[in-house]
Amino acid sequence: MPLKLYRRGKVWHYRGTVAGQRLRGSCKTADQALAARTAAKIETAEWKCHFDGPQAVLTFAQAAGLYKSSGKPTRFLDRIEDHWKDTLVKDIKASGIRQMAIVLYPKASNATRNRQAIIPCQAVINYAADSELCPHVRVKRFKVEKKIRPPFTLEWVDAFCRHAPPHLEALVLFIFATGARISEALAVQWEHVDLSARTILIPRSKLAEQRIVHLPGRVVAAIANLPRTSHRPVFFYRRRCDFHNKWNAVIKAAAIKRMTPHSGRHGFATTALKKMDPKTAAWLGGWKNIRLFMETYAHAIEDITLNERVFDAELTQSKPANQRKPRKTGTT
């Protein structure tokens with residue numbers, strides 16, 4: 001039966017069955033004529049969906065709503081939703097998404113356009129596609145020149161710590177030891193810390209899932225010496241801008257190379273790759289994409305004499321001779 005209108009208080013609602021689907025909801029208006037138009041629009045869309053498939057009526061606003069309700073990261077989505085609004089997803093093409101990125105960020109770098117426009121927009125549409133509501137979309141990213149970010153070294157960290165206040169000292173040690181992003185480090189609260197187990201739970205962020213990290217002894221000592229305040233996170237600062245001036249002042253006092261906190265993540269990666277296999281290093285630092293991790297952080301040491309180490313390396317994949325089972329010999 002077609003949708004019927006009824007009042008609940010001052011607001012009009014609709015209910016009925018369209019194309020075998022039971023529908024009911026609020027028209028969100030006290031005006032009966034406007035409510036009738038809303039119900040008619042809903043009924044028409046339901047019939048169109050029934051005959052032509054869900055992609056015929058799915059708007060970007062609806063797709064974004066599904067994406068956000070699933071708990072997916074919503075960073076940068078507001079501007080994209082304002083751009084597309086009720087545009088049908090089936091009418092949004094790859095070229096249009098690239099043009100949207102230019103419109104939204106006319107003066108930004110290609111990396112920013114990729115990160116803040118193309119990637120989240122594509123994620124919304126492809127999430128709806130995974131639910132069989134529309135086709136998937138593939139968008140060519142803008143070309144980005146890779147910049148080599150200088151990594152922390154242990155010597156740099158030591159020099160920084162000698163001139164840093166306690167919170168910044170603990171922060172830089174934590175980042176260098178765990179590969180945590182600065183946003184992840186600043187989100188750590190005291191309830192996430194277990195000094196007896198030497199672990200910290202890094203909360204879920206907009207960029208990554210939550211994970212538990214181990215704290216080396218030096219990091220445990222630095223965190224244990226911090227004052228605990230209920231209204232402040234572990235590392236005291238809530239945003240990068242809160243310690244920007246102090247960070248630069250420490251670098252100047254230590255007379256070391258100027259680097260940002262994100263260089264600590266690079267420092268963890270490059271140092272870890274010298275100590276362990278790439279897959280373990282990526283897992284410890286919270287990287288999900290091993291290929292991207294290797295492309296970014298694995299650098300060859302250009303020394304042709306390094307093959308000398310082949311004859312000195314331990315064969316870690318085989319058991320030591322004293323642990324091998326003796327070979328059975330036949331009796332005569």
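**Reading one model, feature by feature**

Tutor: Start with a single residue. Leaving aside residues up to four places away in sequence, threonine 112 touches Tyr105 and Ala117. Keep in mind that this is a predicted model.

Student: In which helix does threonine 112 lie, and is threonine 112 buried or exposed?

Tutor: Threonine 112 belongs to helix H5, which covers residues 110-130. Its relative accessibility is 17%, so threonine 112 counts as buried; the cut-off for that class is under 20%.

Student: What does the chain as a whole look like in these terms?

Tutor: The chain has 332 residues, and 36% of them count as buried. Its accessible surface is about 21,600 Å², with 53% of that belonging to carbon and sulfur atoms. The chain contains 13 helices and six strands. Taking contacts between residues at least 6 apart in sequence, 54% join residues at least 24 apart.

Student: How many salt bridges does the structure hold?

Tutor: The test is geometric: a side-chain nitrogen of Lys or Arg within 4 Å of a carboxyl oxygen of Asp or Glu. The structure holds six salt bridges. One of them pairs aspartate 158 with arginine 218, with 2.7 Å between the closest N and O atoms. Aspartate 158 sits in helix H6 (residues 154-163) and arginine 218 in helix H9 (residues 217-224), so this pair ties together parts 60 residues apart in sequence.

Student: What are the relative accessibilities of aspartate 158 and arginine 218?

Tutor: Aspartate 158 is at 23% and counts as partly exposed. Arginine 218 has a relative accessible area of 40% and is partly exposed.

Student: Which residue forms a salt bridge with arginine 211, and is arginine 211 buried or exposed?

Tutor: Glutamate 184 is the partner, and the closest N and O atoms are 3.3 Å apart. Arginine 211 lies in strand E6 (residues 211-214) and glutamate 184 in helix H8 (residues 182-186), so the pair links distant parts of the chain, 27 residues apart. Both arginine 211 and glutamate 184 are buried. There is also a network of salt bridges that links Arg181, Glu184 and Arg211.

Student: What is the N to O distance between aspartate 242 and arginine 239?

Tutor: Their side chains meet in a salt bridge at 3.2 Å. Aspartate 242 is partly exposed, at 34% relative accessible area, while arginine 239 is at 52% and counts as exposed.

Student: How is the packing of two helices described?

Tutor: Two numbers describe a packed pair: the angle between the axes and the distance between the axes. For helix H7 (residues 166-178) and helix H10 (residues 240-254), the axes come within 11 Å and cross at roughly 80 degrees. That makes H7 roughly perpendicular to H10. H7 contributes Leu168, Leu171 and Val172 to the contact, and H10 contributes Phe243, Lys246, Trp247 and Val250. By class, these residues are six nonpolar, no polar and one charged.

Student: At what angle do the axes of helix H11 and helix H13 cross, and which residues make the contact?

Tutor: The axes of H11 (residues 262-275) and H13 (residues 290-297) cross at roughly 90 degrees and come within 10 Å. H11 is thus roughly perpendicular to H13. From H11 the contact takes Arg265, His266, Ala269, Thr270 and Leu273, and from H13 Phe293, Thr296 and Tyr297. The residues of this contact divide into four nonpolar, three polar and one charged.

How values were computed
Residues are numbered from 1 along each chain as its sequence is written. This is a predicted model: local features need pLDDT of at least 70, side-chain atom pairs count only at pLDDT 80 or more; totals for chains, interfaces and linings use all residues. Side-chain values use heavy atoms; hydrogens and water are left out. Helices (H or I, at least four residues) and strands (E, at least two) are DSSP runs, numbered from the N terminus. Buried means under 20% relative accessible area, exposed over 50%, partly exposed in between (1.4 Å probe, protein chains only). Axes are lines fitted to C-alpha atoms, for helices over the stretch in contact, and angles run from 0 to 180 degrees between N-to-C directions. Angles under 35 degrees count as roughly parallel, over 145 as roughly antiparallel, 65 to 115 as roughly perpendicular and the rest as oblique. Contact means heavy atoms within 4.5 Å. Ala, Val, Leu, Ile, Met, Phe, Trp, Tyr, Cys and Pro count as nonpolar, Asp, Glu, Lys and Arg as charged, and the others, Gly among them, as polar. Accessible areas come from the Shrake-Rupley method with a 1.4 Å probe; for residues, only the protein chains shown count as cover.
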